[in-house]
Amino acid sequence: MANPKFKLILASTSPRRRELLAHLKIPFDVLSMNVSEDTDQSHPMEYCRELAQRKGRAVAQSLKDK
């Protein structure tokens with residue numbers, strides 16, 4: 001697949017996430033955004049969801065601005 005319709009963007013600098021994707025042979029680009037990780041969420045799943053949404057929005061906006 002030389003020119004995929006979609007490209008996976010990892011919005012994290014986590015070495016473990018990079019390792020997992022590479023191990024699965026999933027092509028991806030890393031685009032790390034400076035997003036605050038402060039939140040009022042106390043439940044781990046809600047905390048992760050909120051941060052993922054923030055990072056996703058930041059990446060989408062940065063790509064839109066290009």
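# Notebook: helices, salt bridges and a surface patch

**Entry 1: a pair in helix 2.** I began with Arg49 and Glu46, which are three residues apart in helix 2 and therefore separated by about one helical turn. Helices here are DSSP runs of H or I with at least four residues, strands are runs of E with at least two, and both are numbered from the N terminus. The model is predicted, so local features need pLDDT of at least 70 and side-chain atom pairs count only at pLDDT 80 or more, while totals for chains, interfaces and linings use all residues. I number residues from 1 along each chain as its sequence is written, and side-chain values use heavy atoms, with hydrogens and water left out.

The side chains of Arg49 and Glu46 meet in a salt bridge, at 3.5 Å from N to O. A salt bridge means a side-chain nitrogen of Lys or Arg within 4 Å of a carboxyl oxygen of Asp or Glu. Arg49 is partly exposed at 40% relative accessibility, and Glu46 is partly exposed at 30%. I noted the cut-offs: buried is under 20% relative accessible area, exposed is over 50%, and partly exposed is in between (1.4 Å probe, protein chains only).

**Entry 2: the other salt bridges.** How many salt bridges does the structure hold? I found five. One of them joins the side chains of Arg16 and Glu19, at 3.2 Å from N to O. Both residues lie in helix 1, three residues apart, which is about one turn of the helix. Arg16 is partly exposed with a relative accessible area of 47%, and Glu19 is partly exposed with 46%.

I then looked up Lys55 and Glu37, whose side chains meet in a salt bridge at 3.8 Å, N to O. Lys55 lies in helix 2 and Glu37 in the loop between strand 2 and helix 2, so the pair ties together parts that are 18 residues apart in sequence. Glu37 counts as partly exposed, at 44% relative accessibility.

**Entry 3: helix 2 as a whole.** Helix 2 covers residues 44–65, which makes 22 residues. From its first C-alpha to its last it reaches 32 Å, close to the 32 Å expected at 1.5 Å a residue. The expected span is 1.5 Å times one less than the number of residues.

Which residues of helix 2 are buried? I listed Leu51, Lys55, Val59 and Ser62. Seen down the axis of helix 2, these buried residues fall within an arc of 70°, so they line one face of the helix. The arc is taken from the directions from the helix axis to the C-beta atoms.

What do the buried residues of helix 2 pack against? They pack against strand 1 (8–10). On the other side of the helix, Met45, Arg57 and Lys64 are exposed.

**Entry 4: Tyr47.** Tyr47 is also in helix 2, and it is partly exposed at 27% relative accessibility. Not counting residues up to four places away in sequence, Tyr47 touches Glu37, Thr39 and Gln41. A contact means heavy atoms within 4.5 Å.

Entry 5: Leu10 sits in strand 1. Is Leu10 buried or exposed? Leu10 is buried, with a relative accessible area of 11%. Leaving aside neighbours within four places in sequence, its contacts include Arg17, Leu21, Phe28 and Val30. Leu10 and Leu51 are 41 residues apart along the chain, and their C-alpha atoms are separated by 13 Å.

Thr13 is in the loop between strand 1 and helix 1, and is partly exposed with a relative accessible area of 48%. Thr13 touches Arg18 and Ser32, residues up to four places away in sequence not being counted. Thr13 and Met33 are 20 residues apart in sequence but 9.2 Å apart in space, C-alpha to C-alpha.

Entry 6: Leu8, Leu24 and Ile26 form a nonpolar surface patch with about 260 Å² of accessible area together. Patches take residues with over 30% relative accessible area and no salt bridge, joining like charges within 9 Å and nonpolar side chains (Val, Leu, Ile, Met, Phe, Trp, Tyr) within 5 Å. Accessible areas come from the Shrake-Rupley method with a 1.4 Å probe, and for residues only the protein chains shown count as cover.

Last, I looked up Lys25, in the loop between helix 1 (15–23) and strand 2 (28–30). Lys25 has a positive phi of about 60° although it is not a glycine. Lys25 is exposed, with a relative accessible area of 72%.
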